[in-house]
Amino acid sequence: MGFGDLKSASGLKVLNDFLSDRSYIEGYFKFSPQLHMSGLQRSWSGRIQRRPPMIVVGYQSLAHLWLLSPRRTCKSAKCHLKRLYCQTENLKGGCVPSQADVVVFDVLSSPPPADMIHALRWYNHIKSFQKSSLPGVKKPLGQYGPPGVSDTTSASKPAAKDDDDDDIDLFGSDDEEDEEAARIKEERLAQYAAKKAKKPTVIAKSSILLDVKPWDDETDMAKLEECVRSIQMDGLVWGQSKLVPVGYGIKKLQIGCVVEDDKVGTEILEEQITAFEDYVQSMDVAAFNKI
């Protein structure tokens, strides 16, 4: 079974011929034993008994039966035709579209041409339905269509089964997203590090004013200042100085300096200045300001 290649003109022609005597791919009515015993069989017994079992498809096919009837002007034939329609409407399943129509519809990428009236009518009709609401179970495309025609549609695939969910990698995309996010993060970190390396580092500095006191008024203050300025270290710059009277003829050395906070502290300065015991009695911090 099949329609050939539904993406070609020949396949669409097979579909059009297939739908010429039916409304849907699987939605049709077959005569039941009760229908064979109806008055219609008795009225048209000669014609029906000489033909194979017939298929009735909706209003159009019932009209075809009426046209085929040799006694179509007879009121009795009209009555039997009406009874036949009522009986077929009550058959199990009814003449409704199903998932079989959805399978064939999904293969078609565009409506059939206007000259294929049956296929175009079916296409527009199925298009109006919500596909998931139609009854039935999807089967492979090759299980629909007229017998003796094989399915050669390139895009046709077997209907999905519930067990096929095991073959779906639900987390593959997440792994790819994680790898992409990690790569972007590394690039941004590298750009930030390069930008930070080019940016000049701000060095924390402080301005300190020191009071260096001698032992007495006889201390050589010039020598005392020379000793203090002899202290040299990375991150220390000496500034201006002056002698400030304390009392009784004694003067103290008040000297300023700028230090880098990470390299020089007041404790180191005090330790090195008071090391000159012959001249220095003590040292105090008179002022301390951040720059």
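In which loop is the place of Thr219? In this predicted model, Thr219 is found in the loop that runs between strand E3 (205-213) and helix H10 (221-229).

**Overall make-up**

The protein chain has a secondary structure of 11 helices and six strands, and 33% of its 291 residues are buried. Among the contacts in the chain with a separation of 6 or more, 69% are between residues 24 or more positions apart. The accessible surface of the chain comes to about 19,100 Å², and carbon and sulfur atoms account for 53% of that area.

**Helix H7 and the largest nonpolar core**

In soluble globular proteins, nonpolar side chains tend to be buried together. Here the largest nonpolar core has 21 residues, of which Phe3, Leu6, Leu15, Ile25, Val104, Leu108 and Trp122 touch the most other members. Helix H1 (9-18), H7 and H8 are the elements that give two or more residues to this core, and the largest share, five residues, comes from H7. Apart from this core lies another one, of 18 residues, with Ile208, Met221, Ile231 and Leu236 among them.

Helix H7 is largely enclosed by the rest of the structure, because eight of its nine residues are buried. Those buried residues are Gln99, Ala100, Asp101, Val102, Val103, Val104, Phe105 and Val107, and what covers them includes H1 and H8.

The structure holds three aromatic pairs. One of them is formed by Phe105 and Trp122, with an edge-to-face arrangement in which the ring centres are 6.5 Å apart and the planes are at 65° to each other. This pair links distant parts of the chain, since Phe105 belongs to helix H7 (residues 99-107) and Trp122 to helix H8 (residues 117-127), 17 residues apart. Phe105 and Trp122 also form one aromatic cluster together with Tyr123. The ring of Phe105 has a further neighbour in Lys131, whose charged end sits over that ring at 4.7 Å from its centre.

**Accessibility of selected residues**

The residues discussed individually in this report can be set side by side by their relative accessible area.

| Residue | Relative accessible area | Class |
|---|---|---|
| Phe105 | 11% | buried |
| Trp122 | 0% | buried |
| Thr219 | 12% | buried |
| Tyr248 | 82% | exposed |

Thr219 counts as buried because its relative accessible area, 12%, falls under the 20% limit. A polar atom of the Thr219 side chain lies 3.5 Å from the backbone nitrogen of Trp215. When residues up to four places away in sequence are not counted, Thr219 touches Pro214, Leu224 and Tyr279.

Tyr248 lies in another part of the chain, in the loop between strand E4 (236-247) and strand E5 (250-260). Its phi angle is near 60°, which is a positive value in a residue other than glycine. Is Tyr248 buried or exposed? With a relative accessibility of 82%, Tyr248 counts as exposed, because this value is over the 50% limit.

Methods
Residues are numbered from 1 along each chain as its sequence is written. This is a predicted model: local features need pLDDT of at least 70, side-chain atom pairs count only at pLDDT 80 or more; totals for chains, interfaces and linings use all residues. Side-chain values use heavy atoms; hydrogens and water are left out. Helices (H or I, at least four residues) and strands (E, at least two) are DSSP runs, numbered from the N terminus. Buried means under 20% relative accessible area, exposed over 50%, partly exposed in between (1.4 Å probe, protein chains only). A polar contact is a pair of N or O atoms within 3.5 Å; within protein, one must be able to donate a hydrogen and the other to accept it, and residues adjacent in sequence count only if both atoms are side-chain atoms. Contact means heavy atoms within 4.5 Å. Rings of Phe, Tyr and Trp (its six-membered ring) pair if their centres lie within 6.5 Å; planes under 30 degrees apart count as stacked, over 60 as edge-to-face and the rest as tilted. A charge sits over a ring if NZ of Lys or CZ of Arg is within 6 Å of the ring centre and within 35 degrees of the ring normal. A nonpolar core is a set of buried Ala, Val, Leu, Ile, Met, Phe, Trp, Tyr and Cys residues joined through side-chain atoms within 4.5 Å. Accessible areas come from the Shrake-Rupley method with a 1.4 Å probe; for residues, only the protein chains shown count as cover.
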